[in-house]
Amino acid sequence: ALVARGLSNREIAAELALRERTVANHLQRIYARLGLAGRVQLTTWAFEHGLAAATTIGIIAAQQIGQF
């Protein structure tokens, strides 16, 4: 859900009290296991499998226009 919210590896690491490199390693393993190429495909997969809420789209839109 953190990737689907548009957070960077650095932001995810801060949120979860992990190192940025640890987040990157975990994401690479997730991509490989699911056969995905990157963040966009992972976000799509998360929405399709109910792991990201539709409200995530509103959060991302608000971030892009500077309201969040």
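Predicted model: local features only at pLDDT ≥ 70, side-chain atom pairs only at ≥ 80, totals over all residues.

Trainee: Which residues of helix 2 are buried?

Mentor: The buried residues are Val-23, Ala-24, Leu-27 and Tyr-31. They lie on the same side of helix 2 because they cover an arc of only 100° around the axis. On the other side of helix 2, the exposed residues are Arg-21, Arg-29, Ala-32 and Arg-33.

Trainee: What do the buried residues of helix 2 pack against?

Mentor: They pack against helix 1 and helix 3.

Trainee: How is the packing of two helices described?

Mentor: The description uses the angle between the two axes and the distance between them. Here, the axes of helix 1 (residues 9-16) and helix 2 cross at roughly 110° and come within 8 Å. That angle falls in the range of 65 to 115 degrees, so helix 1 is roughly perpendicular to helix 2.

Trainee: Which residues of helix 1 and helix 2 meet?

Mentor: From helix 1 come Asn-9, Arg-10, Ile-12 and Ala-13, and they meet Glu-20, Val-23, Ala-24 and Leu-27 of helix 2. Sorted by class, this contact of helix 1 with helix 2 has 5 nonpolar, 1 polar and 2 charged residues.

Trainee: Let us turn to helix 3. Which of its residues are buried?

Mentor: In helix 3, which spans residues 39-48, the buried residues are Leu-42, Thr-43 and Ala-46. Their arc around the axis is only 100°, which puts them on the same side of helix 3. The face turned away from that buried side carries Val-40 and Glu-48, which are exposed. Helix 2 (20-34) is included in what covers the buried residues of helix 3.

Trainee: Why does Thr-43 count as buried?

Mentor: Buried means under 20% relative accessible area. Thr-43 counts as buried because its relative accessibility is 18%.

Trainee: What is Thr-43 in contact with, leaving aside its neighbours within four places in sequence?

Mentor: With those neighbours set aside, Thr-43 is in contact with Val-3 and Ala-4.

Trainee: Which residue follows helix 3?

Mentor: Helix 3 is followed by Gly-50, which has a positive phi near 70°.

Conventions:
Residues numbered from 1 in each chain as written. Heavy atoms only, no water. Buried < 20%, exposed > 50% of the residue type's maximum accessible area, 1.4 Å probe, protein only. Helix = DSSP H or I, 4+ residues; strand = E, 2+ residues; numbered from the N terminus. Arc of directions from axis to C-beta. Contact = heavy atoms within 4.5 Å. Axes fitted to C-alpha atoms, helices over the stretch in contact; angles between N-to-C directions. Parallel < 35°, antiparallel > 145°, perpendicular 65-115°, else oblique. Nonpolar A, V, L, I, M, F, W, Y, C, P; charged D, E, K, R; others polar.
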